[in-house]
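Subject: A structure to look through, with notes

Dear colleague,

Please find the structure below, and keep it open beside the sequence while you read. My notes on what was found in it follow after that.

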Amino acid sequence: MSSQTPVKEKGFILSAEAAQCTAILEKQCGLAGITLSRTQLLQFGRYFDLLTETNKVMNLTTLTSPQDVAVKHYIDSLLCYDAALMKGKKLIDVGTGAGFPGIPLKIFDPSLQLILLDSLEKRLKFLQETVNTLQLSGVSFEHKRAEDAGRDKKLRAEFDIAVSRAVARLSVLAEYCLPLVKKNGFFVALKGSKYKEELLEGETALRIMGGSVTSVKEVKLPGLDDGRAIIVIQKIKDTPAMYPRKAGLPGKNPLGSS
C-alpha cells in the first residue's frame, strides 16, 4: 500500500497522515496506560483529518503533525480523565477551541454529557461537524463568552464538572469556570510548566469563587518532560452572585492581583 493511500475501515476514511496519527496514538497510549478500542482510534484519526483540513482556512491549532496531534492534543487531553470523577457526569469544556479536552474525553468515555463552550461561532460550527462525523451523541454547544455563561441562569451552577485547557491563568480560569459548577462539583484545569506559580497567584480567586484544591497531579506526555499538571478543585461553597464580573474584566484584572 502506498504511504499516501487513504485507509477505509468501519465506515471511516482516513488519510495516510491520519492513519499515522492513530498508530502513534495507540503506541503512546499504551505507554501512558490508556487503552483505546479500534473504533475509538478510528474516531481520533478522522478527527485529525477534520482538524487539519479545517485548520487550512481557520486558525484552530499550530500543532498539526501526526505526532503532535496524537501526543500534545489527544493524550494531553486524555490524561485528565478520572472515571471516579467523570463517568456519566455532565461536563462543560470552557473555551474549548478546537475541541480539547472535551472531544477526546467524549470519545474515550461516551457516557459523558458534554457541553462545548466557546465565544467563536465558526469554531462551534467546526465542532458540530466533527461531532456529527464521529457519530458522537450527548454533545451540545454554547456560543458564549465564559463570563456571560456564568451569569446565564440556564448554565450557572448546572455542571458536575468544568474542564479547561490552554485558555487562561488559574486566577482567571477560576472566575470563568467555578460559577458554572454545582456545589460539591469539580473544576479540572490542565496546566503547563508554571502550574505552581499559578496555584499561588490563584489562591484568592479560588477562595472567592468557592473552590478548594483537592489534588495536583503531575503528568508527563510520552517523550516530553515539560512539567505539566492536572489541578482538581472542588466547589465547596456557592459562588457569590456578583461573579463572574462582566466580560473582559477577569482577564484584565484577575482577582488577587496587586
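**Strands and their neighbours**

In S5, the residue paired by a bridge with Ile115 is Ser140. Before going further, please note that this is a predicted model, in which local features need pLDDT of at least 70 and side-chain atom pairs count only at pLDDT 80 or more, while totals for chains, interfaces and linings use all residues. Residues are numbered from 1 along each chain as its sequence is written, and side-chain values use heavy atoms, with hydrogens and water left out.

Helices (H or I, at least four residues) and strands (E, at least two) are DSSP runs, numbered from the N terminus, and two strands pair if DSSP finds at least two bridges between them. Strand S4 (residues 113-118) is joined to strand S5 (residues 139-143) by five bridges, and these two run parallel. Five bridges also join S4 to strand S3 (residues 90-94), again in parallel, and here Val94 stands opposite Leu117. Five of the six residues of S4 are buried, where buried means under 20% relative accessible area, exposed means over 50%, and partly exposed lies in between (1.4 Å probe, protein chains only).

**Salt bridges**

Side chains of opposite charge can pair when their charged atoms come close. The structure holds 18 salt bridges, each being a side-chain nitrogen of Lys or Arg within 4 Å of a carboxyl oxygen of Asp or Glu. One of them joins Lys87 and Asp109 (3.6 Å, N to O), linking the loop between helix H4 (83-86) and S3 with the loop between H5 and S4, 22 residues apart. Lys87 counts as exposed because its relative accessibility is 54%, whereas Asp109, at 3%, counts as buried.

Another salt bridge joins Asp160 and Lys182 (3.3 Å, N to O). Asp160 lies in strand S6 (residues 159-165) and Lys182 in strand S7 (residues 181-191), so this pair ties together parts that are 22 residues apart in sequence. Lys182 is partly exposed, with a relative accessible area of 33%. Salt bridges that share partners also join Asp76, Arg165, Asp226 and Arg228 into one network.

**The nonpolar cores**

Which residues touch the most other members of the largest nonpolar core? They are Leu25, Tyr74, Met86, Ile103 and Val188, in a core of 54 residues, a nonpolar core being a set of buried Ala, Val, Leu, Ile, Met, Phe, Trp, Tyr and Cys residues joined through side-chain atoms within 4.5 Å. The largest share of this core, seven residues, comes from helix H2 (residues 38-55). A second, separate core of 31 residues includes Ala168, Tyr195, Leu199 and Ile233.

Leaving aside neighbours within four places in sequence, Ile103 is in contact (heavy atoms within 4.5 Å) with residues including Tyr47, Leu114, Leu116 and Leu127.

Helix H3 (residues 66-78) is mostly covered, with 10 of its 13 residues buried, among them Tyr74 and Asp76. What covers the buried residues of H3 includes helix H1 (16-32), H2, H5, S6, S7 and strand S9 (228-235).

With best wishes
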